[in-house]
Amino acid sequence: MIIETKKTILKEILGQFWPILITQIVSVSYGLIDTIMSGHSSKEDLAVVALSSSIYITVFVSLIGVINSLIPIIANNFGKKKYEAIGVYWCQGVWIAILLSFIGSIFLYFPNIWFRFFGNMDENVYSNISSYLNILILALPASLIFRTIYNLCASLSRFKKLMFISILSIILKIIFNCLFIFGSKHIPKMGATGAALSTVIVTWINLIVALYIIKTDNFFSKFKLTIYKPKLTEIKELLKIGLPMSGSYLVEVLTFTSMAILVAQEGLVAIGGHQIIANIAGVTYVFPIALGIATSSAVAQAIGAENYQLAKEIGNIGLKLTIFLSLIIAILVFSNKENIINIYTNDNLIKNTILNLVMIVLPLFHIFDSIQCFNSYLLRAYKISTIPFITQIISLGVIGLGGGWWFGFGKGINYFEYINKIIAPESYIAVSSLWLLSTIGMIASSFFLYIIYIRVTNNYANKEIDIFK
């Protein structure tokens with residue numbers, strides 16, 4: 001009985017995991033493709049993409065946290081079989097997405113507020129960053145509204161059709177990038193700006209196709225997905241869970257944005273090296289995110305059905321799967337480090353600065369980042385989002401960024417020089433210190449959130465007779 005139930009749970013998680021994973025990979029691949037293509041265009045284009053992407057991701061990710069609160073709420077209502085409530089919450093998510101688009105556009109339209117952090121750089125780089133961000137204003141509303149559909153499908157364990165949209169979009173992204181970044185007979189070479197333009201086109205195509213799917217698929221008809229007027233009660237509930245989630249995402253993305261800003265003081269080679277490491281970390285990060293979404297949706301559905309022991313068992317199986325998968329990925333990164341770096345750049349200076357970091361620090365960072373990420377998703381399934389937010393502030397903001405700055409730029413630099421000679425002798429001090437301290441922060445975060453998760457699940461599971469006895 002126990003073994004068969006666990007097999008069923010594992011099958012369910014994996015069944016939802018792989019289409020979400022493909023969609024997440026595609027989402028990250030936009031930046032990956034832009035980085036690779038711009039890196040083979042010029043160092044200047046790579047720097048523009050690195051800095052512009054850091055700003056855009058800071059804005060976008062800090063906004064989607066509120067929208068991501070749809071996942072536990074919709075999944076919970078699905079478990080309770082309150083189908084019409086799902087349509088109401090989704091609509092309020094759309095209204096929030098529209099409002100957030102206006103807010104986010106302000107930070108993209110006035111990029112000068114970010115430039116003071118970059119130090120002295122060529123005026124042409126600043127000009128291209130401004131063009132890049134201004135163009136992406138057009139992509140922001142489509143991206144945020146698409147995210148409401150993304151969360152709807154994730155909450156309902158109905159993700160495969162969005163996976164096909166993602167596959168189509170990555171093909172279109174590559175085609176448009178080739179046309180706009182490098183130019184053609186009839187289209188001028190646009191460099192990094194062309195990458196932004198291709199993102200706008202692909203993002204709107206994604207939204208149109210996704211809206212068509214949820215309007216024509218009979219499965220979604222019972223939820224009455226239409227545009228209702230704004231409802232304050234539902235919006236407050238979304239904000240109560242979503243604002244701390246946004247805070248967590250903001251802390252995370254601000255940390256890496258700030259890392260890019262600090263590293264920019266050491267020149268284009270350091271920026272390029274940091275961007276490559278960040279991209280590799282971002283690509284590997286999609287695995288715990290996909291597992292977190294798939295598992296937390298199933299957990300929230302079980303909580304909605306008041307089957308707390310089942311919710312605990314689903315979470316435990318998902319966590320074991322996350323740890324196993326993160327170890328496999330870490331080994332793959334370690335054993336293929338040179339081939340991975342060669343994908344990004346053919347510049348030997350950049351390669352030498354990051355080789356040891358990719359070999360030693362990045363695999364450890366990925367393992368513990370995966371565990372803390374997954375535990376955060378599980379806690380949000382129980383509508384606990386403030387604790388992960390506070391933990392992120394301490395682990396990434398204080399330990400990672402603060403500690404990395406102290407050892408890389410502050411008084412601790414003399415101590416860290418000795419450590420850097422052992423770990424990454426060819427790397428810039430700032431890049432090494434920031435990534436090493438961020439890894440230490442992730443280790444602390446993963447252990448703390450796991451302890452909280454165990455306490456929460458035990459409290460819930462004690463309310464119900466153990467169904468596995």
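Helix H4 (residues 83–109) packs against helix H10 (residues 232–263) at an angle of about 70°, and the two axes are 9 Å apart. The model is predicted: local features need pLDDT of at least 70, side-chain atom pairs count only at pLDDT 80 or more, and totals for chains, interfaces and linings use all residues. Residues are numbered from 1 along each chain as its sequence is written, and side-chain values use heavy atoms, with hydrogens and water left out. Helices (H or I, at least four residues) and strands (E, at least two) are DSSP runs, numbered from the N terminus.

**H4 against H10**

- H4 and H10 are roughly perpendicular to each other. That class covers 65 to 115 degrees; under 35 counts as roughly parallel, over 145 as roughly antiparallel and the rest as oblique.
- Axes are lines fitted to C-alpha atoms, for helices over the stretch in contact, and angles run from 0 to 180 degrees between N-to-C directions.
- H4 contributes Val88, Tyr89, Gln92, Gly93 and Ile96 to the contact, and H10 contributes Glu234, Ile235, Glu237 and Leu238. Contact means heavy atoms within 4.5 Å.
- By class, five residues of this contact are nonpolar, two are polar and two are charged. Ala, Val, Leu, Ile, Met, Phe, Trp, Tyr, Cys and Pro count as nonpolar, Asp, Glu, Lys and Arg as charged, and the others, Gly among them, as polar.

**Leucine 108 in H4**

- Leucine 108 lies in H4. Its relative accessibility is 0%, so leucine 108 counts as buried. Buried means under 20% relative accessible area, exposed over 50%, and partly exposed in between (1.4 Å probe, protein chains only).
- Neighbours within four places in sequence aside, leucine 108 contacts Tyr56, Val59, Leu133, Asn134, Leu136, Ile137 and Leu140.
- Leucine 108 and phenylalanine 219 are 111 residues apart in sequence; C-alpha to C-alpha, they are 38 Å apart in space.

**Aromatic pairs**

- The structure holds 15 aromatic pairs. Rings of Phe, Tyr and Trp (its six-membered ring) pair if their centres lie within 6.5 Å; planes under 30 degrees apart count as stacked, over 60 as edge-to-face and the rest as tilted.
- Tyrosine 56 and phenylalanine 60 form a stacked pair, because their ring centres are 6.0 Å apart and their planes are at 5°. Both residues lie in helix H2 (residues 43–68), four residues apart, about one turn of the helix. Tyrosine 56 and phenylalanine 60 are both buried.
- Phenylalanine 78 and phenylalanine 223 have ring centres 6.3 Å apart and planes at 65°, so this pair is edge-to-face. Phenylalanine 78 lies in helix H3 (residues 70–80) and phenylalanine 223 in the loop between helix H9 (192–216) and H10, so the pair ties together parts that are 145 residues apart in sequence. Phenylalanine 78 and phenylalanine 223 are both buried.
- One aromatic cluster is formed by Phe78, Tyr83, Phe219, Phe220 and Phe223.

**Helix H3**

- H3 is largely enclosed by the rest of the structure, because 10 of its 11 residues are buried.
- The buried residues are Leu70, Ile71, Pro72, Ile73, Ile74, Ala75, Asn76, Asn77, Phe78 and Gly79.

**Buried threonines**

- Threonine 148 sits in helix H7 (residues 140–155). Threonine 148 is buried, with a relative accessible area of 0%. Not counting residues up to four places away in sequence, threonine 148 touches Ile67, Leu70, Trp90, Gly93, Val94 and Ala97.
- Threonine 203 is in helix H9. Threonine 203 is buried at a relative accessible area of 6%. Beyond four places in sequence, threonine 203 contacts Ala139, Ala142 and Ser143. Threonine 203 and serine 169 are 34 residues apart in sequence and 7.9 Å apart in space, C-alpha to C-alpha.
- Threonine 439 lies in helix H18 (residues 429–461). Threonine 439 counts as buried, at 4% relative accessibility. Leaving aside neighbours within four places in sequence, threonine 439 contacts Val361, Leu364 and Phe365.

**Cysteines**

- The structure holds zero disulfides. A disulfide is a pair of cysteine sulfur atoms within 2.5 Å.
- Cysteine 178 is partly exposed, with a relative accessible area of 34%. Cysteine 373 counts as buried, at 3% relative accessibility.
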